[in-house]
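Okay, thanks for making time, everyone. I'd like to walk you through one chain today, so let me put it up on the screen.

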Amino acid sequence: DVTTDQVTGEKTYGDWSTGEWAAYDVPSVAGYVPSQTKVDKENVTSASKDTTTTITYLPTQHQINVEYVDDDDHGKVVKTDQMPGKTDQTITITPNAPANYELVNSNNRTYTVTSADGQTVQIHVNHHQVKTNESKTVTRTINVHTPHNGVKTVKQTADLNRDVTTDQVTGEKTYGDWSTTKWDHYAVPAVAGYVPSIEQVTQQVVNGTTENQTIDVTYSSGEHTTHINYVDGDGNTVHTTTIKGQTDGTAQVPNETPAGWTVVGEPVPTELAFGPDGHTDVTVTISHKHVTVTSDQPKTSADKLP
């Protein structure tokens with residue numbers, strides 16, 4: 001109260017009343033911690049002055065789970081990292097794929113931290129594939145059994161290759177198609193007087209299913225025909241004997257001198273040897289057989305000369 005003397009204007013003051021500032025509960029904010037949770041009540045007197053109380057909030061610290069999920073295995077989590085972050089902070093995640101995996105997207109990721117607990121960021125990975133190459137050789141062996149010089153062997157090789165992709169996580173291999181090539185044709189050497197079992201080995205395409213092959217070429221001796229011609233003194237053929245034989249073989253010769261004739265000059269050969277070109281005809285010269293008759297003293301009148 002204030003009492004004022006209306007003549008002198010003097011004022012007389014009474015005592016100030018007292019009051020109170022009520023207590024104040026600081027509001028909670030998700031993901032933040034206030035500098036104080038409450039402002040206490042306070043008595044207010046005439047000696048009290050105006051006051052200001054400032055409340056600040058600090059963001060809560062979180063651990064962000066960074067999960068690496070395998071897209072090749074139904075989203076299986078194959079690795080987990082953790083990164084610190086504060087509420088409403090934007091953090092940068094630099095992906096680091098687990099061993100034997102590769103990132104689906106290798107770019108850095110940004111993430112804004114929320115106030116929730118157990119926050120998770122997923123990074124997609126798939127299996128690292130390593131491509132290699134394998135080769136094999138397929139061989140065709142041609143054995144030429146020559147009549148005089150043993151076996152001549154010719155080897156034809158075909159080199160094939162294919163891609164092999166290996167999953168570095170599972171070890172599983174995926175195979176590409178084998179390449180294709182060919183074995184060239186091979187002309188079988190001719191041998192005079194002999195017939196090969198095949199005249200040439202044909203060209204052949206070689207692929208992944210082709211296996212090693214062996215081909216044997218053999219020779220059979222050729223068949224020949226010659227004649228033994230029995231000729232008289234005038235060059236007329238009286239009789240012919242046909243003789244058959246094979247290259248590098250011999251044939252027995254029967255003596256077929258016609259009856260009533262005798263061989264003059266070279267005798268009939270007992271056998272003939274056949275070369276690559278066979279044997280030329282043989283001429284045997286013959287003449288009539290003569291009988292010398294001598295006189296005889298018949299013992300009886302019935303005896304006669306032969």
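Quick bit of bookkeeping before the sheet: two strands count as paired here if DSSP finds at least two bridges between them. The strands themselves are DSSP runs of E, at least two residues long, and helices are H or I runs of at least four, with numbering from the N terminus. This is a predicted model, so local features need pLDDT of at least 70 and side-chain atom pairs count only at pLDDT 80 or more, while totals for chains, interfaces and linings use all residues. Residues are numbered from 1 along each chain as its sequence is written, and side-chain values use heavy atoms, with hydrogens and water left out.

Strand E9, residues 61–70, is joined to E10 by 10 bridges, and the two run antiparallel. To pick out one partner pair, His 62 has its bridge partner in E10 at Gly 85. Those strands belong to an open, mixed sheet of four, ordered E10-E9-E14-E12. At the edges you find strand E10 (76–86) and strand E12 (101–103), each pairing on one side only. From one strand to the next the twist averages 35 degrees, with axes being lines fitted to C-alpha atoms (for helices, over the stretch in contact) and angles running from 0 to 180 degrees between N-to-C directions.

Now zoom out. How many helices and strands does the chain have? Zero helices and 30 strands. The radius of gyration is 62 Å, well over the 19 Å that the globule rule gives for 306 residues, so the chain is more spread out than a compact globule. That radius is over C-alpha atoms, and the rule is 2.2 Å times the number of residues to the power 0.38. Along the principal axes, the C-alpha atoms fill a box of roughly 235 × 35 × 20 Å. Buried residues come to 25% of the 306, where buried is under 20% relative accessible area, exposed is over 50%, and partly exposed is in between (1.4 Å probe, protein chains only).

On to salt bridges, meaning a side-chain nitrogen of Lys or Arg within 4 Å of a carboxyl oxygen of Asp or Glu. The count comes to three. One is Lys 41 with Glu 20, at 4.0 Å from N to O. Lys 41 sits in the loop between strand E6 (38–39) and strand E7 (42–44), and Glu 20 in strand E3, so the pair ties together parts 21 residues apart in sequence. Lys 41 is exposed at 56%, whereas Glu 20 is partly exposed at 47%. Another is Arg 162 with Glu 134, at 2.5 Å. That pair links strand E16 to strand E15, 28 residues apart. Is Arg 162 buried or exposed? Buried, at 18%, while Glu 134 is partly exposed at 28%.

Last stop, the nonpolar cores: sets of buried Ala, Val, Leu, Ile, Met, Phe, Trp, Tyr and Cys residues joined through side-chain atoms within 4.5 Å. The largest has 12 residues, including Tyr 230, Trp 261 and Phe 274. Strand E25 (223–231) and strand E30 (282–288) each supply at least two of its residues, and E30 gives the largest share, three. Apart from that core lies another of 11 residues, among them Val 66, Ile 91, Val 121 and Val 125.
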